[in-house]
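Subject: Structure handover

Hello,

Please find the structure below. My notes on the ligand and metal sites follow it.

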Amino acid sequence: LFPYTTLFRSHLSDIMKGALKNGEFVPYYQPKVNMCTGDTVGAEALVRWIRPDGEMQMPGSFLPFFEQNGFIVEIDLHIFEETCRLMKEWADSGIAVKTVSCNFSRRHFKNPSFARQLAGIADRFGVPHGLLEVEITESIVMEDIYSVRKCFGQLKELGFKLAIDDFGAGYSSLGLLEQLDVDVIKLDRSFIRSESKKIKEEIVVRGVVAIASELGMEIVCEGVETKEQADMLVRVGCLIAQGFYYARPMPAGEFRKRLHGAQ
Ligand code: C2E
Ligand code: CA
Ligand code: CA
């Protein structure tokens with residue numbers, strides 16, 4: 001499925017643990033922006049692998065392999081922990097910290113102590129659970145709705161926020177909204193990508209936004225790259241965007257400055 005040669009696989013297996021210990025897996029933060037006010041309302045943590053020579057690897061080049069061999073579980077928890085550590089640091093220096101979301105592999109949802117594990121990490125740094133959001137893709141939900149619902153119930157009880165990622169990318173969709181008690185829906189960028197069917201696209205997005213809003217969910221649109229897309233989203237009532245038009249994923253230091261500057 002993935003273009004990994006045997007040599008490359010064994011190379012990755014050999015170096016991954018050392019790289020984690022060495023601090024080579026770092027979170028970048030992509031702001032979520034209120035399109036009407038320009039305010040940064042939160043961020044998503046996205047892993048980057050910075051090799052000792054300074055070369056940066058994007059998640060697409062290593063996560064599929066770590067998903068297969070299970071190492072992704074450690075990466076996810078590391079990024080979550082780093083995020084908690086940074087949020088504490090920001091709060092300690094007087095910055096008003098915003099909600100940050102982290103991505104979690106399907107592998108966590110089989111683990112009955114996942115929710116407790118996250119709480120343990122957050123509590124170690126004293127980060128309020130309500131400022132932490134767990135993103136899980138629509139496809140994972142569809143695969144095993146039973147485990148996911150159970151796990152979501154536990155996370156919710158502990159006060160974490162829940163988000164469905166890549167919503168609308170697959171064949172799930174609207175029925176999911178009534179089956180899961182989530183806080184945030186992240187509209188997949190395929191919703192706003194079309195060049196030719198713009199009017200239909202707007203009608204569909206308007207409908208999804210209306211349903212999710214009535215169910216009390218917040219809607220974030222991913223992959224907003226142009227002013228035209230932003231204008232359309234605001235027109236249909238989706239006010240929060242995450243995309244290159246507003247900001248690219250950035251190192252923690254840069255994101256911190258952005259939060260600081262906003263005060
Ligand atoms: P995702 O969760 O859907 O994250 C959004 C991806 O879209 C990011 O890619 C981001 O850089 C990219 N993006 C944001 N705005 C735009 C835009 O306007 N246009 C375009 N074309 N792309 C945009 P990235 O950082 O390469 O991450 C890719 C995927 O890797 C993520 O997709 C997520 O599924 C996974 N991932 C990243 N970090 C983690 C992690 O710590 N744990 C797990 N389990 N998965 C992760
Ligand atoms: Ca995500
Ligand atoms: Ca996504």
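How far is an oxygen atom of ligand 1 from a polar backbone atom of Phe244? The distance is 2.8 Å. An oxygen atom of ligand 1 lies 3.2 Å from an N or O atom in the side chain of Asn103, and a nitrogen atom of ligand 1 lies 3.3 Å from an N or O atom in the side chain of Arg189. Taken alone, ligand 1 exposes 800 Å², of which the protein buries 79% (areas by the Shrake-Rupley method with a 1.4 Å probe; for residues, only the protein chains shown count as cover).

The model is predicted: local features need pLDDT of at least 70 and side-chain atom pairs pLDDT 80 or more, while totals for chains, interfaces and linings use all residues. Residues are numbered from 1 along each chain as its sequence is written, chains are lettered from A and ligands numbered from 1 in the order in which they are written, and side-chain values use heavy atoms, with hydrogens and water left out.

Now the metals. Donors here are N, O and S atoms within 2.8 Å of the metal (3.2 Å for Na, K and Ca); water is not among the atoms, so sites may look incomplete. Glu135 is in strand 5 (residues 132-137) and Asp165 in strand 6 (residues 161-167), so the pair ties together parts 30 residues apart in sequence. Strands (E, at least two residues) are DSSP runs numbered from the N terminus. Glu135 and Asp165 are both buried (under 20% relative accessible area; exposed is over 50%, partly exposed in between; 1.4 Å probe, protein chains only).

Asp165 coordinates both calcium ions, ligand 3 and ligand 2, which are 4.0 Å apart. Asp166 is partly exposed, at 26% relative accessible area, whereas Glu222 is buried at 11%.

Regards

How values were computed: A polar contact is a pair of N or O atoms within 3.5 Å; within protein, one must be able to donate a hydrogen and the other to accept it, and residues adjacent in sequence count only if both atoms are side-chain atoms. Helices (H or I, at least four residues) and strands (E, at least two) are DSSP runs, numbered from the N terminus.
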